[in-house]
Amino acid sequence: YYPPLVHYTSTLLYRIFGVSEEIAIMANVAYMFILFFATWSIARRLSDMATALLSTLLLGLVPMIYAMSRYLYLDFALTSLVTACVALLLASNRFRQRGPILWFGFAIGASFLVKWTTAAFLIGPLLYVIVRSGVVPFLFKNWRCLLPNGRRMGVALAVAALINVAWLYPARDAVAINPVGGWLFPVFTLLLAGVLYALFAAKRNGQGVAQALNNALSGAIIGAWIIALWYLTNTEFIDNFVYTAYGREEGKFMAFEKYFREVTTEQLGLFYTLLFAIVVIVWIFQQGRELPQTLKKLSDTGWVLLIWVVVAYLIFSINVSLAHSRFVMPFLPPFAIWMAAGLLSWQPKPLRWTAIGFVLAISIVQFSLISFEETSDWRARFTLPSAGQEIDLLANGFFIQYPASNVTDPGYALAD
């Protein structure tokens, strides 16, 4: 049902270190490194080194981030690779930098091999960069630029055909019963030939929009080939996806309120939600009458961060038949970046660093209370009575599980 990249990562670790639950979760260490480095890169592009460092630190202290890092759910790896895709997309400078956009192709392919919901998080940022790059109007006026060098493409097709024969012929019985069937060989051959041409034969030193288009197409063919490796051979996922997301018997509903509640109480938690609100209010106050001009001058990074969150929130909330808080987890990095940038803009300096110190202290306290059973006696002190109920001041929800309480209690057992 799900693409295999995360499971392959755990299997590789099994072969190196042996099989255990702890080894399986070690896969998230690699994805955590990618997540933090990509967040640092985006924040550095938005502002400065201090913002990058604080963004990375705050993201690591977001409750949903460290909670999900302890599970083998796909969503932590998805968050990591989606963030890497955004970082590389921005680093491409509207497709003008060839290296980052080629790596973007590999990253988006890998992200789709984690989970197909990659599309919901990247469609907005990608469309924004495509529009701002000017490659589409240029393509309509200069369509002949799509024509490859015939000799080089012929060599790429021959090499791709040989590779695919070696891959598909031993599996010819499986190919025969696959819904795509005989189309697998020509499609994979064309895609792989495109990848070989992009990596070894395409122009690398062009100028302006023409080179940007060349780079964008090269990244696109790399991503398409990687995505096709699993999706073309597992087309039954389409029916499963449509049923799960939009066709369950329970019917469709609007999930705006559900996701808003879960983001504020579970993913960010009450403290970070209040902090984010304060940062936004202070920033608007700081801008004053210059706010319209500030928005007009917003950089690509600023717009991409905003689009990343808003488009995904809309897609996951409109007429869906299933909604879980972890589904929208990959749009958390922008919140950490916004909070860091906002805090570092506060004046005067003593107020700024006092506020940052306070935020980090409270974040570490919350992390400790959620993460260590030795602090369990203190958790009850972080509740407030309200209308006959208790408000939990700590982040709480289905995926925020304490290490040895409730369903994780060592004495908890199921009897048949």
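In the predicted model described here, helix 6 (residues 74-91) and helix 8 (residues 118-133) pack against each other at an angle of about 5 degrees, with their axes 10 Å apart. Helix 6 is therefore roughly parallel to helix 8, where roughly parallel is the term for angles under 35 degrees, roughly antiparallel for those over 145, roughly perpendicular for 65 to 115 and oblique for the rest. The contact between them is made on one side by Leu-78, Val-82, Cys-85, Val-86 and Leu-89 of helix 6, and on the other by Thr-118, Phe-121, Leu-122, Pro-125, Leu-126 and Val-129 of helix 8; contact here means heavy atoms within 4.5 Å. The axes are lines fitted to C-alpha atoms, for helices over the stretch in contact, and the angles run from 0 to 180 degrees between N-to-C directions. Helices (H or I, at least four residues) and strands (E, at least two) are DSSP runs, numbered from the N terminus.

Residues are numbered from 1 along each chain as its sequence is written. Because the model is predicted, local features need pLDDT of at least 70 and side-chain atom pairs count only at pLDDT 80 or more, while totals for chains, interfaces and linings use all residues, and side-chain values use heavy atoms, with hydrogens and water left out.

Helix 1 (residues 5-17) contributes three residues, the largest share, to a nonpolar patch. This surface patch, of about 500 Å², is made by Leu-12, Ile-16, Phe-17, Met-26 and Val-29. Patches are made of residues with over 30% relative accessible area and no salt bridge, with like charges joined within 9 Å and nonpolar side chains (Val, Leu, Ile, Met, Phe, Trp, Tyr) joined within 5 Å; the areas come from the Shrake-Rupley method with a 1.4 Å probe, and for residues only the protein chains shown count as cover. Leu-12, which is placed in helix 1, is exposed, with a relative accessible area of 52%. Ser-10 also lies in helix 1, but Ser-10 counts as buried at 3% relative accessibility. In these terms, buried means under 20% relative accessible area, exposed over 50%, and partly exposed in between (1.4 Å probe, protein chains only). When residues up to four places away in sequence are not counted, Ser-10 touches Ala-24, Ala-27 and Leu-72.

Leu-199 is found in helix 12 (residues 184-200) and is partly exposed, with a relative accessible area of 25%. With residues up to four places away in sequence again left out, Leu-199 touches Leu-102, Arg-204 and Ile-222.

Side chains of opposite charge can pair when their charged atoms come close. A search of the whole structure finds seven salt bridges, a salt bridge being a side-chain nitrogen of Lys or Arg within 4 Å of a carboxyl oxygen of Asp or Glu. In one of these, the side chains of Arg-261 and Glu-257 meet at 2.8 Å, N to O. Because Arg-261 and Glu-257 are four residues apart in helix 15 (residues 256-267), about one helical turn separates them; Arg-261 is partly exposed at 37% relative accessibility, whereas Glu-257 is exposed at 53%. Lys-258 forms a salt bridge with Glu-262, the closest N and O atoms being 2.6 Å apart, and these two residues, likewise four apart in helix 15, are separated by about one helical turn. Lys-258 is partly exposed, with a relative accessible area of 21%, and Glu-262 is buried, with one of 13%. A further salt bridge, of 3.5 Å from N to O, links the side chains of Arg-379 and Glu-373, of which Arg-379 is buried at 8% relative accessible area and Glu-373 is partly exposed at 23%. Salt bridges that share partners also join Asp-75, Lys-115 and Arg-326 into one network.

Some backbone features were found in loops. The peptide bond from Gln-347 to Pro-348 is cis, with omega near 0 degrees, and Pro-348 is found in the loop between helix 19 (333-344) and helix 20 (349-371). Phe-95, although not a glycine, has a positive phi of about 75 degrees; Phe-95 is found in the loop between helix 6 and helix 7 (98-112) and counts as buried at 4% relative accessibility. Asn-319, also a residue other than glycine, has a positive phi near 50 degrees. Asn-319 is placed in the loop between helix 18 (300-317) and helix 19, and at 38% relative accessibility Asn-319 counts as partly exposed.
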